[in-house]
Amino acid sequence: MSTSGSGSIEARFYSVEGGKVRCDLCPHSCLIPEGKRGICGVREHRKGKLYPLTYGLVSSIHPDPIEKKPLFHFLPGSTSISFGSVGCNLSCKHCQNYEISTAAPGRVGMTRIEPGDVVEYARSSGSKSVSWTYNEPIIWHEFTTAASKAAHDAGLKTVYVTNGFIQEAPLRELGGLIDAMNIDVKAFRETFYKRVCGGRLAPVLKACEVAHGLGIHIELTYLIIPGHNDSEDELREFSKWVSDSLSKDVPVHFSAFHPDYKLTSAPRTPTGTLIKAYELAKVAGLDFVYLGNVPVGDKDDTFCPRCGSPVIRREGFFVTHADLKDGVCAKCGADLNIVV
Ligand code: SF4
């Protein structure tokens, strides 16, 4: 692979304020003194300019089932070549990828690639899409946008797995560049975001609405942590917001927590809590609700909301049966909000 890139490409979405620079990529809006980095740890102020230190630097490359993102309604059954870097703009106490999300550039082994290289990785792995995942892609904006353009030029689709903590201007730039997003809504309370994640809920909800409005295919993931974000009121309000502010055909994935990183005091999510979340979401009118990362009957399968027939059956991350015709129910023709 060629070797130009990180540390010499100038960042976008920043301004100079006195002797500091203000980064406007995510809602932290870090005001960064000379020689320092923002909260994400990968954007550095040098002599009045901001530089993305991870441009072209990849910590992980892997061909994944698209269902692993999770995306159940986007190119179902396909492979997505997946790239991650290091750093994050949130600091979730339960982060499952903390080895890379908390790593500084240069502290873990990284491969340097050029934007166009993602096309060859996709071709050689038989992937239909390129995914930005594993760590937060927002803080990798300059590279992911350049590489997404290259992927599109080669006829590939692009995927973003994100915490949604992004300002509106850079998010709007992803319209037409990113085809699908899985967005984490980590709770439906500001107190959780402040206490557990070092962020805020309102910008995440706004980002979901903007991305949906831009025509990006979105699916949401809500990780249920006992005692932290699992009250019936909170789960009910979340599902009502999806129905009212997005659409009832936006797929929602409820997933189970297991103790990790700094949040080891909370227990695993009981199956009964997941089922309750599923039922509340159905009562709120959501068409496509899934329980992830634990087997709970057929609650990871897709059923046509009009005729009730099983449209996609899954085992883990793999599609075992699909009864689709051009993305609609093969039996009754209902639109299932599935991109094929
Ligand atoms: S992207 Fe990083 S430097 Fe920019 S505002 Fe967010 S945390 Fe701060």
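In which hand does α2 pass α3, left-handed or right-handed? The first legend gives the crossing. The model is predicted: local features need pLDDT of at least 70, side-chain atom pairs count only at pLDDT 80 or more, and totals for chains, interfaces and linings use all residues. Residues are numbered from 1 along each chain as its sequence is written.

**View 1. Crossing of helices α2 and α3.** Helix α2 (residues 117-125) and helix α3 (residues 141-153) have axes that come within 8 Å and cross at roughly 50 degrees. This angle makes α2 oblique to α3; angles under 35 degrees count as roughly parallel, over 145 as roughly antiparallel, 65 to 115 as roughly perpendicular and the rest as oblique. The crossing of α2 past α3 is right-handed, meaning that the near helix is turned clockwise from the far one by less than a right angle. Val118, Val119 and Ala122 of α2 meet Ala147, Ala150 and Ala151 of α3, where contact requires C-beta atoms, placed from the backbone, within 7 Å. By class, this contact has 6 nonpolar, no polar and no charged residues. Axes are lines fitted to C-alpha atoms, for helices over the stretch in contact, with angles from 0 to 180 degrees between N-to-C directions.

**View 2. Crossing of helices α6 and α7.** The axes of α6 (residues 201-213) and α7 (residues 232-246) come within 11 Å and cross at roughly 40 degrees. This crossing is right-handed. Leu205, Cys208, Glu209 and His212 of α6 are in contact with Trp241, Ser245 and Leu246 of α7. The contact divides into 4 nonpolar, 2 polar and 1 charged residues.

**View 3. Open sheet β1-β2-β3.** The 3 strands are ordered β1-β2-β3 with antiparallel pairing, a pair needing at least two DSSP bridges. β1 (14-17) and β3 (31-32) are the edge strands with a single partner each, so one side of each has no neighbour in the sheet. Between β1 and β2 (residues 20-23) there are 4 bridges, and Val16 lies opposite Val21 of β2.

**View 4. Hairpin of β4 and β5.** Strands β4 (residues 43-46) and β5 (residues 49-52) run antiparallel and are joined by 4 bridges. Arg43 has Pro52 of β5 as its bridge partner. The hairpin has 2 residues between its strands, and Lys47 in the turn has a positive phi of about 50 degrees.

**View 5. Surroundings of the ligand.** Residues around the ligand include Cys23, Cys26, His28, Cys30, Cys40, Arg43 and Asn89, with the C-beta atom, placed from the backbone, within 6 Å as the criterion. The shell comprises 7 nonpolar, 4 polar and 1 charged residues. Ala, Val, Leu, Ile, Met, Phe, Trp, Tyr, Cys and Pro count as nonpolar, Asp, Glu, Lys and Arg as charged, and the others, Gly among them, as polar.

Technical notes:
Two residues are in contact if their C-beta atoms, placed from the backbone, lie within 7 Å.
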